[in-house]
Structures are given as structure tokens and as C-alpha cells.
Amino acid sequence: MTTTNTHVTGTARLNFAKAAPKVFRALIGFDAAAREGLDPALVELIQVRASHLNRCAYCLHMHTNDARKAGETEDRLHMVPVWREARHFFTEQEQAALALTEAVTLVADGGVPDEVYARAAAHFDEQELAHVLSLILAINTWNRVALSTAKVAGTDERG
């Protein structure tokens, strides 16, 4: 593994995992803790939607592949960006999680509306909801790390 990533402009960027190993390990631990008790397919739907919204090709590629491994179908993966127009592809719980993912990811556009939060709270118990929120926070952090360091889609370095 190289110590830098090269952005499309040719500018080398740091290897975050190598430059800040304690922070990177803490993020991995946070991510793992967030996933606990959640359906792996739901985890990937949340990560795919946040990655769409953040325009993070690196994470989108990684999590669509992980979603397939978790049993997700191509039809549903294609419908994630337009889930409101394709509600019949998703359960009520998944729709609530996708709406919450959008609100938290785009929090600067108007916060997390009470109705979005209430809908999620109606479909998840408190512990599950805390994990869903944590997962949304984790993927948003990963998206920002990948975008800031110019990670290249298709180069999953998890090994």
C-alpha cells in the first residue's frame, strides 16, 4: 500500500490510516459498535444512501458490493436513490431509516425534522435507534475521510 493517494489533479494526499492510526482504529471501533444488533442489509442500505448524498464514489462502490454480499438485490440497490418513488421495494422500517439517513446527512439543510425522527423511533427501539444514528454518523465520517483524502472508487483497501 502506498502512503499517499493521488487525486485526479495529480496532487498526492495522505494515507489517513497510516498518518493517524489511533484515530483510524477508533473510527473502525465506532463503526463496528454502531453495526451491532442491526440487520446487515439495513446497514448497507444506510451506508449506500449516505454515500450517494455525499457523492462518495469510494464508499458507494464498497458498500454496494458489501450489500450484494449481504443478500441485497440489484433492483433494490438501483432504487435506493429514488426510494420515495419506489417505496414498494422497501419495508416501512427501511424507509424510516433511509429518511433519517437523509436528514442526518443533510442536517445543515434544515436539521432532523420531528416527523422524520418520530417515524424512525416508531420502527426501532431505543437501542436500535441509537445504533442506526451511530451508523449514519460513522458513514458520514468515512465519506468525509474518503473524499478529503481522494480515495479512488474500486480500490477497497480493507484487505
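Trainee: Which residues touch the most other members of the largest nonpolar core?

Mentor: A nonpolar core is a set of buried Ala, Val, Leu, Ile, Met, Phe, Trp, Tyr and Cys residues joined through side-chain atoms within 4.5 Å; buried means under 20% relative accessible area, exposed over 50% and partly exposed in between, with a 1.4 Å probe and protein chains only. This is a predicted model, in which local features need pLDDT of at least 70 and side-chain atom pairs count only at pLDDT 80 or more, while totals for chains, interfaces and linings use all residues. Residues are numbered from 1 along each chain as its sequence is written, and side-chain values use heavy atoms, with hydrogens and water left out. The largest core has 25 residues, and the members touching the most others are Ile46, Leu100 and Val132.

Trainee: Which helix gives the most to this core?

Mentor: Helices (H or I, at least four residues) and strands (E, at least two) are DSSP runs, numbered from the N terminus. Two or more core residues come from each of helix 3 (40–54), helix 6 (92–105), helix 7 (114–123) and helix 8. The one that gives the most, with six residues, is helix 6.

Trainee: How do helix 3 and helix 8 lie to each other, roughly parallel or oblique?

Mentor: Axes are lines fitted to C-alpha atoms, for helices over the stretch in contact, and angles run from 0 to 180 degrees between N-to-C directions. Here the angle is about 40°, with the axes 9 Å apart. Angles under 35 degrees count as roughly parallel, over 145 as roughly antiparallel, 65 to 115 as roughly perpendicular and the rest as oblique. Helix 3 and helix 8 are therefore oblique.

Trainee: How many charged residues are in the contact of helix 4 with helix 8?

Mentor: Helix 4 (residues 57–69) packs against helix 8 at about 130°, with axes 8 Å apart. Contact means heavy atoms within 4.5 Å, and Tyr58, Cys59 and His63 of helix 4 meet Ile139, Trp142, Asn143 and Ala146 of helix 8. Ala, Val, Leu, Ile, Met, Phe, Trp, Tyr, Cys and Pro count as nonpolar, Asp, Glu, Lys and Arg as charged, and the others, Gly among them, as polar. This contact has five nonpolar residues, two polar and, for charged, none.

Trainee: What is the relative accessible area of Glu128?

Mentor: Glu128 is found in helix 8 (residues 126–148). Leaving aside residues up to four places away in sequence, Glu128 touches Leu38 and His123. Glu128 is partly exposed because its relative accessible area is 28%.
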